[in-house]
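Good morning, and thank you for coming.

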Amino acid sequence: MPSHDLAAVLVPWYREALRDLPWRREGFGAWGTLVSEFMLQQTPVARVIPLLDAWLERWPTPSALAAAPAGEAVAMWQNLGYPRRALWLHAAAREIRDRHDGVVPRDVDQLLELTGIGDYTARAVAVFAYGDRHPVVDTNTRRVIARAVAGRQHPDAAHRRDLAAMSALLPEDDGDAAVMNAAVMELGQTICTARAPRCDACPIRDACAWVRAGSPATPDARRRQARYEGSDRQARGAAMRAVRDAAPEPLPRAAMLVDWHDDAQRERAIGSLLRDGLLVADGELVALPS
């Protein structure tokens with residue numbers, strides 16, 4: 001089966017196999033799609049769903065979030081990690097309110113102008129919320145293409161050429177193209193996984209270049225993420241939890257992470273949160289931004 005015919009298998013497979021997730025339901029809307037895409041960046045689905053529901057109940061429109069203090073968005077982010085995403089989403093909501101009359105734009109270039117939005121998120125909103133025809137590429141997409149099309153075990157680091165590779169797999173019909181984008185991601189999330197691919201259950205096994213080559217081990221040149229345990233990221237997360245737990249009252253800086261094992265790392269973490277705008281200081285008191 002030529003690679004451009006993969007859609008003939010994956011589109012019907014996805015329509016039967018798709019998981020019931022909130023952002024796939026009828027009428028979820030562009031704002032819900034945008035919020036879900038922010039939350040899903042580097043965060044497991046199971047942790048996102050409860051907070052997504054709570055977030056959209058509290059702020060059902062971009063204008064509702066834009067009217068709230070940025071600190072409330074950071075506090076609401078809870079355990080999703082990478083809390084700068086909450087600040088970026090809050091800034092994007094203000095930009096949507098002020099530049100687009102409170103309506104999430106459909107145009108990819110306009111979406112890319114919003115704070116915190118890159119190639120993936122802009123195209124995901126245009127495709128999954130509005131049904132337009134664009135390639136949508138995430139880590140799962142790159143892995144499926146690397147294996148099924150290029151015959152490699154691991155994808156290269158993200159590159160703009162990935163958009164062309166995915167575009168070559170899309171059927172002409174806009175609706176089928178949107179489904180194909182979702183299908184490739186779903187295949188990578190549930191079957192063509194990074195560590196233990198379930199090739200026996202794969203609907204495109206017979207067409208997969210990697211399987212046909214004998215599933216050879218190939219080099220993984222991607223940069224590895226630093227270990228979380230004992231890292232500055234862990235210290236930042238602990239500092240954010242301490243301030244969120246104390247909110248709305250400020251917390252004395254000296255009372256933050258008093259038992260942390262590394263004083264220099266503790267100060268680095270607090271200082272970086274202040275520089276990022278996730279915390280604000282008033283003398284020796286630290287709080288969420290107002």
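**Overall build**

Among contacts in the protein chain between residues at least 6 apart in sequence, 63% join residues at least 24 apart; contact here means heavy atoms within 4.5 Å. Please note that this is a predicted model, in which local features need pLDDT of at least 70, side-chain atom pairs count only at pLDDT 80 or more, and totals for chains, interfaces and linings use all residues. Residues are numbered from 1 along each chain as its sequence is written, and side-chain values use heavy atoms, with hydrogens and water left out.

The protein chain has 14 helices and three strands. These are DSSP runs, numbered from the N terminus: helices are H or I with at least four residues, and strands are E with at least two. The radius of gyration of the chain, 21 Å, is close to the 19 Å that the globule rule gives for 290 residues, so the chain is as compact as a globular protein of that length. That radius is taken over C-alpha atoms, and the rule is 2.2 Å times the number of residues to the power 0.38. Along its principal axes, the C-alpha trace spans about 65 × 45 × 30 Å.

Of the 290 residues, 46% are buried. Buried means under 20% relative accessible area, exposed over 50%, and partly exposed in between, with a 1.4 Å probe and protein chains only.

**One buried arginine**

Where does arginine 236 lie? Its place is in helix H13, residues 232–246. Arginine 236 counts as buried because its relative accessible area is 15%. Leaving aside neighbours within four places in sequence, its contacts are Arg84, Ala269, Ser272, Leu273, Asp276 and Leu278.

**Backbone details**

Most residues other than glycine have a negative phi, and most peptide bonds are trans.

The peptide bond from alanine 247 to proline 248 is cis, with omega near 10°. Proline 248 sits in the loop between H13 and strand E1 (251–252).

Aspartate 101, not a glycine, has a positive phi of about 55°. This aspartate belongs to the loop between helix H6 (84–99) and helix H7 (108–112). Is aspartate 101 buried or exposed? At 72% relative accessibility, aspartate 101 counts as exposed.

Serine 215 also has a positive phi, near 50°, and is found in the loop between helix H12 (209–212) and H13. With a relative accessible area of 32%, serine 215 is partly exposed.
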